[in-house]
Amino acid sequence: MSGTHQLAVGWAVRFRGEPPSPDALRRHVRARLADLPTLTHRVDEGPGSRPCFVSVPEIDPREHVHELVIRDPGERWHSCLQDVLARPLPAGHRPPWDLWLIHGYGDGTGAPEYVLVFRIHHALEDGAGHHYVLRTLFTPRIAQQRSRRPTGPMSAPAEGGGRVSARAVLGIAGDVARSLRGSGNWAVLRRPPAGKLATAVGTAATRRLVALSRALDTDISVVFLTALTGAMRAVAVAEEERPAPLALLWPLTVRTGGERGAVGNYLTMLRLRLPCAEPLPLRRLASLSRQLEAGRVERRMRTSRALMRRAPLPMSLGTLRLLMRPRHASLTGTYFPAALPQPALGEARLNGALGLGAPLPGQLCHLTLLRYRSECTLSVVHDTAFARGADLPELWLAALAELEALV
């Protein structure tokens, strides 16, 4: 399982301090496996080719926790991710996840540091699940919550149905209908995947995005998408295409507090329309503010959760697959604020983090903006067929500066 169809998602975190030995890291992971059910299950085909989760009673950390020593002292930490993305996840009887200890980069003049890269198959875990794994591995005490461990077919959330909103149902139906049509022009995003992934990273100060969102009376997610719209408009101009509206999938979690570490993908999708044809940044922002209006998002989450609980499983899974069709939207993007109390591994302290998404089969690009303390890091995971993906962080930062100049 390599290339764009591996659907390996996760995170990369940077620690300041001496790196642990691989064996010490494996012992650390083993000590927390009891609180991490996503790491002790694999995905199997159930009755009628329906996927189900299968518990794996014995986990050998040597099959999942690896070391990668970088011999080039000029490498930066986020440049080291490429080697990991190219490798397949564990397969067969083993749960499909891995954890990579990367060290040896840099010129050796500063304080010692290292990177841990975690990847897992998306069927087992979503963004909220990644956050739970991160907290459980690197906070001083193991989380007390014992998450449920499903072993049967993939199921809908078990708790709390919520009210069904007619407006949200119509919104879901509209998104499903649009999934049957193409997602617009954008020839640069309709190229056949090359099957090789690349990453690009850009960072903005959290205080900068907070100040901008307050000045514009909005939130960071809308600022993120407004700048992304400007970046994609620049891509169209560079490709000598006429800028046109661009569909983007925006994942929403339907987990409850009691399902924070539960196995599975507790997501629904909102289809957003990036107004790339609009030349004025403030009009782009107004359009996206309407699409992400808090009441609309809350109704979609509540209604999706209720339908996933009450509808027959083939219907709920079929609807989600339609919402995730690449014809439905050419990009997937997400914003995630990470709340980690005093994360550490031994004496080393965590001081940098980024999210690692994966383009859906047929898509060429996934973008994650992860907020951790003083930094908001944009990570772009793109198929090399979309070479402009490498330019997106720089273009996003330029569009952010353009937006700042207006306030």
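**View 1. Aromatic pairs in the predicted model.** Seven aromatic pairs are counted, where rings of Phe, Tyr and Trp (its six-membered ring) pair if their centres lie within 6.5 Å, with planes under 30 degrees apart counting as stacked, over 60 as edge-to-face and the rest as tilted. The model is predicted, so local features need pLDDT of at least 70 and side-chain atom pairs pLDDT 80 or more, whereas totals for chains, interfaces and linings use all residues. Residues are numbered from 1 along each chain as its sequence is written, and side-chain values use heavy atoms, without hydrogens and water.

**View 2. The edge-to-face pair of Phe15 and Phe138.** The two rings lie 5.2 Å apart centre to centre, with 65 degrees between the planes. Phe15 belongs to strand E1 (residues 8–16) and Phe138 to helix H3 (residues 127–138), so the pair ties together parts 123 residues apart in sequence. Helices (H or I, at least four residues) and strands (E, at least two) are DSSP runs, numbered from the N terminus. Both Phe15 and Phe138 are buried, that is, under 20% relative accessible area, with exposed over 50% and partly exposed in between (1.4 Å probe, protein chains only). Trp11, Phe15, Trp97, Tyr114, Phe118 and Phe138 form one aromatic cluster.

**View 3. The edge-to-face pair of Phe224 and Trp396.** Because Phe224 lies in helix H6 and Trp396 in helix H10 (residues 392–404), the pair ties together parts 172 residues apart in sequence. Phe224 counts as buried because its relative accessibility is 0%; Trp396 is likewise buried, at 0%.
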